[in-house]
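Dear colleague,

I am passing on the structure below, together with some notes on what turned up when I went through it. Please read the notes with the structure open beside them.

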Amino acid sequence: MDSAFAVVEAMQVAAAGMEGSRDLVHQGRELLSSATGFNWFLILVAAVVSALVLAGCIYLLVEYQHPEDRNQAWVPKIVVVISMTLAIWTVLLFPLDVANTRACAQSISPSACTYTLPMHQLWYACFISNLVLVFLIIPFTLFFYESDSDYTFCQKVKGSLMWTMGFLVFIVLIIVIMYLLIGYVVYPTQQLTSGVRSMNVLKNLASFNSSACIKPLKSNQTEASVPDYQCSAFSTTFRSSSWKLRVSLPVYIIAIQSVLGWLVFLVFAGVGLVAGPIDWLQEFLGRPKAVITKSEYMRRGQIIAQRAKQIMNMLTMMRRGERDRRWRSNFQKVQREVALLEEDEYQLERVFPQGEDGQVRWVLFMLGFYVLAVMAVVGFCLTCMWIAQIIAYMLPPVPLSPLLNEMFVALDGVFPLFGVLAFAIFCLYLMIAAMKGNFMLGLNFLVIKLYPMRPGATMMSSFLVNTALILLMAPAIVQFCAQAFAVYADGTSIFDVFGNQVMYLIGLRYIYNLNIFLYAMLAICLLTAIFLAFRGKKVWKRRNPMDAYAMID
């Protein structure tokens, strides 16, 4: 009878369990059904932002291009617009990844959620496109654009392909050799060793927990239980070891892209974070107060023409002289004079707008200065917050405070879109600061002679080179943001790459663990501030349109 009652009781318990499991399954299906489908609002926002970025890159090309390149060199222009747009899209893909991850309810497991966008595929597509543009398409376009004008089309293509293939083979060999030799991740682990005890022995123990761990026995010893703490992962008795795994080739390529981008990013961002807001503020303070008269415009035009004639005479004399050290010094002076002459011509055309829509262009011209004033104020605030985030969260072994991570989480508590929007602003500002540093150093960089970027006087060759540098910085900016906002970005697709794999790669992990890149960037920020403190006044006076042209109130 007892056994019969036991069977009936067991059947009742099983039935109740099955009923409870049905309820759980039903609830799970409801949760899963709420996760299916697409967040069309997120897709709409992504489409609108992508279109705005594309329009901004086209405007930047039109604003900076040289008059000689108007209505021609269409292939380089298309490459420049696509490359610059892809660089900004890559950075803004990180906030989109955060929004895509947070679109699912917290009660749903990440593995069970149906995400709106396939972020893993989008990230790989962006990085592969980045790699192809930087190391294949842009070099080929640059070699083709700078080919001798006497060459035929086939000769230009042949020469450009030879130079590009040689460059590409060199890069591929380096990546493949490094991947075969050191393409591994090494994770630090804590090794716990415990013996195994039979169930017969456990029956006689007063408490299962007090004797679940046992010492390893030698052949001539009997079993002996040990206290729990000797088998606890929170004690100091465990042994440290490492876990070595082969990383996938796409992830390793992303890591190499990030390191190469860091070498450029730490310089340009270090300069742009400090010099960008100062330059925008000085542009606003030195804005023209009124349109100059036609007679003043003609007088200034004559002065520019005389300076151009003097430069031509200097070049004629240099052609007849020997190319010694003095000749190279004079040639550099001529280059600077040509750059200043083009800048003065550009400023003169802006303070005397001509044509039927002259008044409209003047109003837009003045509105641009007030936009620069707003950018300067916002830039100062964002720069200070970025430096505080680096010092308080990224540099110490144990972060002093999450800072911006807490701010993003708090904004999400107010409205889910606010935190993602603030996150996107900080990421985008980092890209803008790096681009500003690139444009500023293009003319005055003393270590490496880069192609200059000047409004209204930039040739397509300069555009291609600087666009390649901007595109190269994009992976480094994404990794920098992943490291700075590890709390807020946890669970995203890209954080799994940069936070869990790249940081542990052999040969690269020491660079990131010692924060070499971060210290170098902060040092460049400090040097830039010191340089502007001593040299800024002279540079600002030269760049002030009020000093270059006599304004009439």
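**Aromatic pairs**

W262 and F265 both belong to helix α7 (residues 249-285), where they are three residues apart, about one turn of the helix. The model is a predicted one, and the remarks here should be read with that in mind. By the ring-pairing rule the count comes to 22 aromatic pairs. In the case of W262 and F265, the ring centres are 5.2 Å apart and the planes stand at 75 degrees, so this pair is edge-to-face; both residues are buried.

A second pair, F408 with F485, is also edge-to-face, with 5.1 Å from centre to centre and 75 degrees between the planes. Here F408 comes from helix α11 (residues 404-414), while F485 sits in the loop between α13 (460-484) and α14 (493-498), so the pair ties together parts that are 77 residues apart in sequence. Both F408 and F485 are buried.

If its neighbours within four places in sequence are left aside, F423 is in contact with F94, P95, V98, F408, F485 and Y488. F423 counts as buried because its relative accessibility is 0%. The C-alpha atom of F423 is separated by 8.7 Å from that of L404, the two residues being 19 apart along the chain.

**Charges over rings**

Two places where a charged side chain meets an aromatic face may be worth a look. The charged end of K77 sits over the ring of W74, at 4.8 Å from the ring centre. R246, for its part, lies over the face of Y179, and the distance to the ring centre is again given as 4.8 Å.

**Helices α4 and α5**

Two packed helices are described by the angle between their axes and by the distance between those axes. For helix α4 (residues 119-145) and helix α5 (residues 153-182), the axes come within 8 Å and cross at roughly 145 degrees, and the crossing in which α4 passes α5 is right-handed. On the α4 side the contact is made by F135, L136, P139, F140, F143 and F144, whereas the α5 side contributes residues including F153, K156, V157, S160, L161, W163 and F167.

Helix α4 also holds A125, which is partly exposed, as its relative accessible area is 38%. A125 and T90 are 35 residues apart in sequence, and their C-alpha atoms are 9.9 Å apart in space.

**Cysteines**

How many disulfides does the count come to? The count comes to zero. C384 counts as exposed because its relative accessibility is 53%, whereas C126, at 13% relative accessibility, counts as buried.

**Positive phi values**

Most residues other than glycine have a negative phi. Against that background, two residues deserve a check of the backbone. L403 has a phi near 50 degrees, a positive value in a residue other than glycine; L403 lies in the loop between α10 (358-394) and α11, and at 33% relative accessibility it counts as partly exposed. N515 likewise has a positive phi, of about 55 degrees, although it is not a glycine. N515 is found in the loop between α15 (509-513) and α16 (516-543), and with a relative accessible area of 9% it is buried.

**The chain as a whole**

Taken together, the chain has 17 helices and two strands, and of its 553 residues 41% count as buried. Among the contacts between residues at least 6 apart in sequence, 78% join residues that are at least 24 apart.

Methods
Residues numbered from 1 in each chain as written. Predicted model: local features only at pLDDT ≥ 70, side-chain atom pairs only at ≥ 80, totals over all residues. Heavy atoms only, no water. Phe/Tyr/Trp six-rings, centres within 6.5 Å; stacked < 30°, edge-to-face > 60°. Helix = DSSP H or I, 4+ residues; strand = E, 2+ residues; numbered from the N terminus. Buried < 20%, exposed > 50% of the residue type's maximum accessible area, 1.4 Å probe, protein only. Lys NZ or Arg CZ within 6 Å of the ring centre and 35° of its normal. Disulfide = S-S within 2.5 Å. Axes fitted to C-alpha atoms, helices over the stretch in contact; angles between N-to-C directions. Left-handed = near helix turned anticlockwise from the far one by under 90°. Contact = heavy atoms within 4.5 Å.
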